[in-house]
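Please open the model in a viewer and keep the sequence panel in view.

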Amino acid sequence: MEKQTQQTPLLKVHDLVKTFPIRGGLFGKKVGEVRAVDQVSFDVYQGETLGLVGESGCGKSTTGRTILRLYEPTSGEVEFEGKSLLKLSQEEMRQARRDLQMVFQDPFASLNPRKKISDILEEPLIVHGIGNDKERKEQVLELLQVVGLDKHHASRYPHQFSGGQRQRIGIARALSTKPKLIVADEPVSALDVSIQSQVLNLMEDLQEQFGLTYIFIAHDLSVVKHISDRVGVMYLGRMVELADRDELYDNPLHPYTQALLSAVPIPDPEAKRERIILQGDVPSPENPPQGCAFHPRCPYVMDVCKKERPAFVDKGNRHFVACHLIQ
Ligand code: SF4
């Protein structure tokens with residue numbers, strides 16, 4: 001069934017930059033910086049899932065965290081429902097987090113091992129002043145049921161659950177404040193393949209039930225394809241391509257996206273796709289290449305690519321790409 005998404009963006013990210021200082025020497029002086037997110041722009045529409053994909057270290061997780069101000073952005077703009085998140089005070093941001101939640105990759109590390117599940121799920125309700133004691137307890141039991149767990153799990157501790165169950169608890173915690181947007185950072189990467197699809201299906205059901213909007217971060221293109229309506233591809237802190245899911249997978253324009261997709265197995269044994277092997281490693285974000293960051297590995301590199309950074313432009317059909325070949 002085609003999902004209904006609205007045409008006004010729920011979230012607008014414009015020219016987002018996040019740098020981290022590199023410190024060295026006896027006094028920890030700043031000796032350089034890592035540009036983890038480098039002028040990233042995209043919109044997210046109400047009710048959709050935007051997948052963010054790329055190799056480890058490409059800045060996708062930092063982008064997610066910077067949007068929610070778990071890391072303070074260096075520059076750029078993030079608007080949620082038409083309001084700038086970056087202009088909010090700490091207290092206003094704390095209140096805004098009711099609408100903006102996160103699901104983490106490692107559910108074990110993100111759940112306090114000394115707390116019972118009931119306390120873990122009740123905590124965000126207390127922080128945001130939601131309900132009285134009785135109502136909160138009822139809501140905790142409801143949340144467990146919503147994510148496919150049982151009421152009696154409330155009195156258990158995180159170590160008493162499997163990885164898949166722990167991620168369900170992580171999702172229940174994110175849902176507790178009835179958010180509008182959830183940033184899910186590699187939510188199934190730590191799970192067995194057999195459990196991954198159960199958690200993905202749960203996330204899809206919850207999206208439909210509660211009208212949720214997701215930013216879904218993953219390095220696995222098959223997982224992203226399964227769940228996303230649109231997909232953005234990141235490389236070395238930059239967004240290099242963004243398009244509707246089928247458009248991106250059927251008609252990738254950027255040479256990096258083409259290489260990534262060529263490595264994904266295709267179900268039809270008759271269909272042939274040539275594997276593109278990229279030369280070299282991803283360069284260090286401490287010292288990114290001039291011009292197009294992908295140029296040292298690109299099979300189509302031209303002189304202009306080494307000097308000028310390609311603009312991120314709409315080639316029609318909501319298909320954005322940053323490549324001099326396509327300009
Ligand atoms: Fe390759 Fe040049 Fe396009 Fe970069 S801009 S991906 S180097 S062709």
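Is lysine 30 buried, partly exposed or exposed? Lysine 30 has a relative accessible area of 45% and is therefore partly exposed; buried means under 20% relative accessible area, exposed over 50%, and partly exposed in between (1.4 Å probe, protein chains only).

Before going further, note that this is a predicted model, in which local features need pLDDT of at least 70 and side-chain atom pairs count only at pLDDT 80 or more, while totals for chains, interfaces and linings use all residues. Residues are numbered from 1 along each chain as its sequence is written, and side-chain values use heavy atoms, with hydrogens and water left out.

**Stop 1: salt bridges**

Glutamate 33 is partly exposed, at a relative accessible area of 31%. Across the whole structure, 20 salt bridges are found.

Next, select aspartate 38 and arginine 238, whose side chains meet in a salt bridge (3.2 Å, N to O). The pair links distant parts of the chain, 200 residues apart: aspartate 38 belongs to strand E2 (residues 29-45) and arginine 238 to strand E10 (residues 238-244). Helices (H or I, at least four residues) and strands (E, at least two) are DSSP runs, numbered from the N terminus. Both aspartate 38 and arginine 238 are buried.

Now select arginine 297 and glutamate 55, where another salt bridge is formed (3.9 Å, N to O). Arginine 297 lies in the loop between helix H10 (255-262) and helix H11 (303-307), and glutamate 55 in the loop between strand E3 (49-53) and helix H1 (60-67), so the pair ties together parts that are 242 residues apart in sequence. Arginine 297 counts as buried at 9% relative accessibility, whereas glutamate 55, at 27%, counts as partly exposed.

**Stop 2: helix H1**

Move along to H1. Of its 8 residues, 6 are buried, namely Lys60, Thr62, Thr63, Gly64, Thr66 and Ile67. Just after H1, inspect the backbone of arginine 69, which takes a positive phi of about 60 degrees.

**Stop 3: the open sheet**

Return to E2 and show its neighbours. An open sheet of 4 strands runs in the order E2-E1-E4-E5, with antiparallel pairing. E2 and strand E5 (83-84) stand at the edges with a single partner strand each, so one side of each has no neighbour in the sheet. Strand E1 (residues 9-24) pairs with E2 in the antiparallel sense over 13 bridges; two strands pair if DSSP finds at least two bridges between them.

**Stop 4**

Select strand E6 (residues 100-103). Both of its faces are covered: Leu100 and Met102 on one side, and Gln101 and Val103 on the other, are all buried. E6 pairs in the parallel sense with strand E7 (residues 181-185) over 4 bridges, and glutamine 101 stands opposite isoleucine 182 in E7.

Which residues lie closest to the centre of the second largest pocket? Of the 18 lining residues, these are Arg97, Gln101, Phe104, Pro124 and Arg173. A pocket is an open set of points on a 1 Å grid over the protein atoms alone, with protein on both sides within 12 Å along at least five of seven lines; lining residues have an atom within 4 Å of a point. This pocket has a volume of about 460 Å³. E6, helix H4 (117-127) and helix H6 (163-175) each supply at least two lining residues, and the largest share, 4 residues, comes from H4.

**Stop 5**

Finally, select Cys292, Cys298, Cys305, Cys323 and His324. Of the 14 residues that line the largest cavity, these are the closest to its centre; a cavity is a set of grid points where a 1.4 Å probe fits but cannot get out. The space in the largest cavity is about 80 Å³.

Technical notes. Grid points are joined across faces, edges and corners, and a volume is the space filled by probe spheres set on the points. A salt bridge is a side-chain nitrogen of Lys or Arg within 4 Å of a carboxyl oxygen of Asp or Glu.
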